[in-house]
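The following exercises are to be worked through with the sequence and the model side by side. Each task is followed by a solution in steps.

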Amino acid sequence: MVRKDKQVDKEDISASGLSPFKSSLYRMLWIASLFSYVGAAMYDVGASWLMTSLAPNPLFVSLITTATTLPILLFALPSGILSDIFDRRSILLITCVYMFTISTALGVLTLVGLTTTTVLLILTFALGAGTTMIRTPIIPTMSGLVSRSEIPNALTLSALASNLGRVIGPTVGGFIVAAFAPWAIFFLNSASFIGMMIVLSRLPRKPNLNNYQQQSSLPPENIIRAIRIQLRYIRYSQAAHVLIVRVGLFTLCSSALLSLLPLLAKHELALDSIGFGLLLGSFGAGAIIGGIVILPRLRKASVESLITASIVLLAIVTLTMGYVRVFDLACVVMGLGGVAYITILSKFYIIGIKSAPKWIGARVLAVYLLVLNGGLVVGSVIWGTVANTFGIPVTLLVASLALAATIIARKPYSSKLLDDLDFTPSDHWSLPPQSSIDPKQDDNRALVTIEYKNIDPKLSHEFERSIHELGRILKSEGWLIGNYSKTHQILVTTSKSE
């Protein structure tokens, strides 16, 4: 009887999307990450409020957002490179110690009254750089703590933690600033990194090879070569193009809703800060329900169909929010928006994981984060400018139509292209034990010549098209391809990771 009850409990957990929490390491790291996301969102409130006291100037206040966002645009790609080359656990630990130090120093300086506008902007930029260094390796690290079948649920929960932090952080931060002062926010942000350091110290130094990067018989990459490989893969990989184009279009158009929500709440709905917080809370509640309850029940649905349906739903939500004036109805609509938003983000995470082999996976995820955050920044500026001219309702109408129009991209950049991809490394290409490779040399290469014989002349054009497509795929993996119709010379650089 007890065994049956335990079996039912496990089935309930799996069906609700909480199956990754069965791993104690994943559960602890997820909770620590959630507190870190909340701390980061609280910091934005505290820093912005402090700046209004130091320099009550709209330009200086807006520079806080710039100092937080700019590091993502500058350091997202380097963070992916470092995450692929070096041990991710060590990177996360070092970065958490660094951010704990910066946030504590800012708290002390603010408490004793020594924080100036320059100091605040510099330390905010420094914390933004640390946040960027955490976001890239944390995703594959958490995914590596669960089984392969649980990765979709793990990615959904990771996206859920990030969105919960954005919803909870500002609300809690506002209360703390009102009760104490911004320095209290900075110390609490420091405390959030202590939990991260404790959990990360418990992770195994040598990760499970089934879930993490596979061992390679090839020499490790250096940073310069890793940059070249990253650029080459993004240039030639059609899977990476699917991720970049779809994420870029989505975030550029969807940014209108959340970026204009404060003005919408204050001027159109005549709400105070509490009402605005409830709107954000409704969006977060929808994300929770969507991630934990709805998505696990739609596991048999294809990624493309879920993305398309969610984009349509979010477009309707964006349009409706421009014209609804009843607060209760607005909360319901924002809840539906949260369901759509978490669905889209979680599926984009899955596309990001599937669009690259593990040896370059963090670098591709770094490009994903760069496009996602860059689109939010650019989109917010565009929609803010449009709203100044035409008003919020018209702007949200245009944004909803633009968002719905992004569905057109599903044909040339369909996620179905990733369904048949298998990046599992083959032992056939491992170096033999007697091979001697000097990692410091750049000319460790092998020439492989493939000759195709007995090709039907009637199929020559089809053959050439297939060969060019094969060449594009191999170039994305770092192979140098000779341009021949019936003979291919493939120069293989043995400095690749896989």
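**Exercise 1.** Determine which residues Leu 249 is in contact with, leaving aside its neighbours within four places in sequence.

*Solution.* Contact is taken as heavy atoms within 4.5 Å. With neighbours within four places in sequence left aside, Leu 249 is in contact with Thr 406 and Ala 409. Then consider Leu 403: its C-alpha is 7.8 Å from that of Leu 249, although 154 residues separate the two in sequence. Finally, assign the exposure of Leu 249. Its relative accessible area is 33%, so Leu 249 is partly exposed; the classes are buried under 20%, exposed over 50% and partly exposed in between (1.4 Å probe, protein chains only).

The model is predicted: local features need pLDDT of at least 70 and side-chain atom pairs pLDDT 80 or more, while totals for chains, interfaces and linings use all residues. Residues are numbered from 1 along each chain as its sequence is written, and side-chain values use heavy atoms, with hydrogens and water left out.

**Exercise 2.** Is Thr 156 buried or exposed, and which residues is Thr 156 in contact with, leaving aside its neighbours within four places in sequence?

*Solution.* First, Thr 156 is placed in helix 6 (residues 151-179). Its relative accessibility is 5%, so Thr 156 counts as buried. Beyond four places in sequence, its contacts are Gly 291, Leu 295, Ile 342 and Ser 346.

**Exercise 3.** Describe the largest cavity and its lining.

*Solution.* A cavity is a set of points on a 1 Å grid over the protein atoms alone where a 1.4 Å probe fits but cannot get out; lining residues have an atom within 4 Å of a point. At least two lining residues come from each of helix 5 (117-143), helix 6, helix 12 and helix 13. Helix 13 contributes the most, namely five residues.

**Exercise 4.** How many disulfides does the model contain?

*Solution.* Apply the criterion of a pair of cysteine sulfur atoms within 2.5 Å. The count is zero disulfides.

How values were computed
Helices (H or I, at least four residues) and strands (E, at least two) are DSSP runs, numbered from the N terminus. On a 1 Å grid over the protein atoms alone, a cavity is a set of points where a 1.4 Å probe fits but cannot get out, and a pocket is an open set with protein on both sides within 12 Å along at least five of seven lines; lining residues have an atom within 4 Å of a point.
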